[in-house]
Amino acid sequence: MANHSLALLEAEERGLRETLEREFPLLDDQVLVDALTFCDMTTTPDGMPTSAGERVVEILARYGADTLVGRFIHRAQPEIEAAVARTEHRVTAAAQPR
């Protein structure tokens with residue numbers, strides 16, 4: 001999944017960042033990237049709603065903190081939470097009467 005949530009960080013953990021950047025250009029629409037991260041990180045693997053923090057805990061529990069995925073998700077957590085917050089702010093702002 002070349003464009004899943006913060007894939008470049010995971011690719012870096014695998015030593016594949018340059019390959020991923022070369023073969024799969026990054027999306028340059030930050031609103032879209034944030035929305036995709038929001039969708040990925042606020043649902044459980046079986047599609048139930050969750051918070052980004054709970055999703056990170058679930059991923060760490062599933063893979064282990066000392067695994068490649070555990071290291072990646074720990075590094076990515078601040079940006080995941082920021083992307084979720086930006087998306088929630090956009091949704092709230094769009095719902096306000098003008």
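Me: Which side chain does a polar contact of 2.9 Å join to the side chain of Asp-34?

Reply: Arg-90. Keep in mind that this is a predicted model. To read a polar contact, find the two side chains it links and then look at what surrounds them. Here the pair is Asp-34 and Arg-90, joined at 2.9 Å. Asp-34 sits in helix H3, residues 30-41, and besides Arg-90 it touches Ala-83, Arg-86 and Thr-87, leaving aside residues up to four places away in sequence.

Me: Is Asp-34 buried or exposed?

Reply: For this you check relative accessibility, and under 20% means buried. Asp-34 comes in at 1%, so it counts as buried.

Me: Okay, now helices. How do H3 and H5 lie relative to each other, and what is the angle?

Reply: The general idea is to compare the directions of the two axes; an angle of 65 to 115 degrees counts as roughly perpendicular. H3 and H5 pack at about 110 degrees, with axes 8 Å apart, so they are roughly perpendicular to each other.

Me: Which residues of H3 and H5 meet?

Reply: From H3, the list includes Gln-30, Val-31, Asp-34 and Phe-38. From H5, it includes Ile-73, Ala-83, Thr-87 and Arg-90. Sorted by class, this contact has eight nonpolar, three polar and four charged residues.

Me: How many nonpolar, polar and charged residues are in the contact of H4 with H5?

Reply: Go through the residues on both sides and sort them. Among those in H4 are Ala-52, Val-56, Ile-59 and Tyr-63, and they face a group in H5 that includes Val-69, Ile-73, Gln-77 and Glu-81. The count by class is nine nonpolar, three polar and one charged.

Me: Which residues make up the largest nonpolar core?

Reply: With a core, you look for buried nonpolar residues whose side chains join up. The largest one here has 11: Leu-9, Met-41, Ala-52, Val-56, Ile-59, Val-69, Phe-72, Ile-73, Ala-76, Ile-80 and Val-84. H4 and H5 are the elements that give two or more residues to this core, and H5 brings the largest share, six residues.

Me: Let's zoom in on one member. What does Val-56 touch?

Reply: Skipping residues up to four places away in sequence, Val-56 touches Met-41, Ile-73, Gln-77 and Ile-80. Met-41, Ile-73 and Ile-80 are also on the core list.

Conventions. Residues numbered from 1 in each chain as written. Predicted model: local features only at pLDDT ≥ 70, side-chain atom pairs only at ≥ 80, totals over all residues. Heavy atoms only, no water. Contact = heavy atoms within 4.5 Å. Helix = DSSP H or I, 4+ residues; strand = E, 2+ residues; numbered from the N terminus. Nonpolar A, V, L, I, M, F, W, Y, C, P; charged D, E, K, R; others polar. Core = buried A, V, L, I, M, F, W, Y, C linked by side-chain atoms within 4.5 Å. Buried < 20%, exposed > 50% of the residue type's maximum accessible area, 1.4 Å probe, protein only. Polar contact = N/O pair within 3.5 Å; in protein donor to acceptor, adjacent residues only side chain to side chain. Axes fitted to C-alpha atoms, helices over the stretch in contact; angles between N-to-C directions. Parallel < 35°, antiparallel > 145°, perpendicular 65-115°, else oblique.
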